[in-house]
Amino acid sequence: MLTRMIAATLAAFLAFAAPAAAQSSATPPTADERQRIETIVREYLLRNPEILQEALVELEKRQAQAEDRARAEAFNANRDALYRSPNQVVLGNPNGDVTLVEFFDYNCGFCKRALPDTVELLRADPRIRLVLKDFPVLGPGSVEAAQVAVALKMQVQGAKYYEFHQKLLGGRGQATGARALEVAREIGADMDRLQRDMRSPQVRDTLAENARLAELLRINGTPTYIVGDEVVVGAVGLDRLRENIIRARATCARQPNVC
């Protein structure tokens, strides 16, 4: 580990040192001069190893800042797809004053654990607009279940879809295409139409859109929530989500385009 850190630091140093040497001399450093520079830097780092830790902390800080900037740019460029896509499922109040976006997987244990939180939020706060983004990352069963869910949205919405969502996500065992179809039948879906809709381009396009948004927003796990302009990762609990919604509501009141 130390060797790799030293090598990385040397590389970074030389990246700056070489142009400086070129500016102060008519010719670039020779191989011998470069070797002497490397030796000096290596000996200095070995005598002062704490500099490596300081450099690593600074590197992580800069990487985090770069991630935040990239995410903010992605927010600004993709707000319509994130909040107003015609492909998404909207629960709660369609005209709510704050939107909670959830990226989830029907086989995600943490999503199952967090389901009562979103149920309670919608029950207790009639001004919340919940947007569901199927993000199947846990294998073929998850993908099949998501395909059924997206196709079902093409024929039922609102309370009926919410019933399907709670039964499938809150149920025991593995979520698969077969299990999702079984739940769809339980809620009274038109099964012939559902089978046809599952083969439609809209199912493929919806899942592709969600995956693209997740990549742009640096989302790689479920559940992940978007609340206002904040990204909340994991099953953080009801109280934490309420705090985020309070902040988002204040932000949305000042900047309606945020939500």
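A residue counts as buried when its relative accessible area is under 20%, as exposed when that area is over 50%, and as partly exposed in between. With this scale in hand, the predicted model can be read from the whole chain down to single residues.

The overall picture comes first. The secondary structure of the chain comprises eleven helices and five strands. Of its 259 residues, 42% are buried. The accessible surface amounts to about 14,100 Å², and carbon and sulfur atoms account for 53% of that surface. Contacts can also be sorted by how far apart the partners sit in the sequence. Among contacts between residues at least 6 apart in sequence, 76% join residues that are at least 24 apart.

Two helix pairs show how parts of the chain meet. Helix α7, residues 158-170, packs with helix α8, residues 177-186, at an angle of about 140 degrees, and their axes are 10 Å apart. Because oblique covers angles that are neither roughly parallel, roughly perpendicular nor, over 145 degrees, roughly antiparallel, α7 is oblique to α8. On the α7 side, the contact is made by F164, K167 and L168, while α8 contributes R179, A180, V183, A184 and E186. The crossing of α7 and α8 is right-handed.

The second pair brings together helix α6, residues 140-153, and helix α9, residues 191-198. The axes of α6 and α9 come within 9 Å and cross at roughly 115 degrees. The range for roughly perpendicular runs from 65 to 115 degrees, and α6 and α9 are therefore roughly perpendicular to each other. The crossing of α6 and α9 is right-handed. In this contact, Q147, V148, A151 and L152 of α6 meet L194, D197 and M198 of α9. The residues of the contact divide into five nonpolar, one polar and one charged.

Helix α10 spans 201-216, strand β4 spans 224-227, and P223 lies in the loop between them. The peptide bond leading from T222 to P223 is cis, with omega near -10 degrees. R218 is placed in the loop between α10 and β4 as well. Phi of R218 is near 60 degrees, a positive value in a residue other than glycine. How exposed is R218? The relative accessibility of R218 is 36%, so R218 counts as partly exposed, since that class lies between the 20% and 50% limits.

How values were computed:
Residues numbered from 1 in each chain as written. Predicted model: local features only at pLDDT ≥ 70, side-chain atom pairs only at ≥ 80, totals over all residues. Heavy atoms only, no water. Axes fitted to C-alpha atoms, helices over the stretch in contact; angles between N-to-C directions. Helix = DSSP H or I, 4+ residues; strand = E, 2+ residues; numbered from the N terminus. Parallel < 35°, antiparallel > 145°, perpendicular 65-115°, else oblique. Left-handed = near helix turned anticlockwise from the far one by under 90°. Contact = heavy atoms within 4.5 Å. Nonpolar A, V, L, I, M, F, W, Y, C, P; charged D, E, K, R; others polar. Buried < 20%, exposed > 50% of the residue type's maximum accessible area, 1.4 Å probe, protein only. Areas by Shrake-Rupley, 256 points an atom, 1.4 Å probe, with all protein chains shown as cover.
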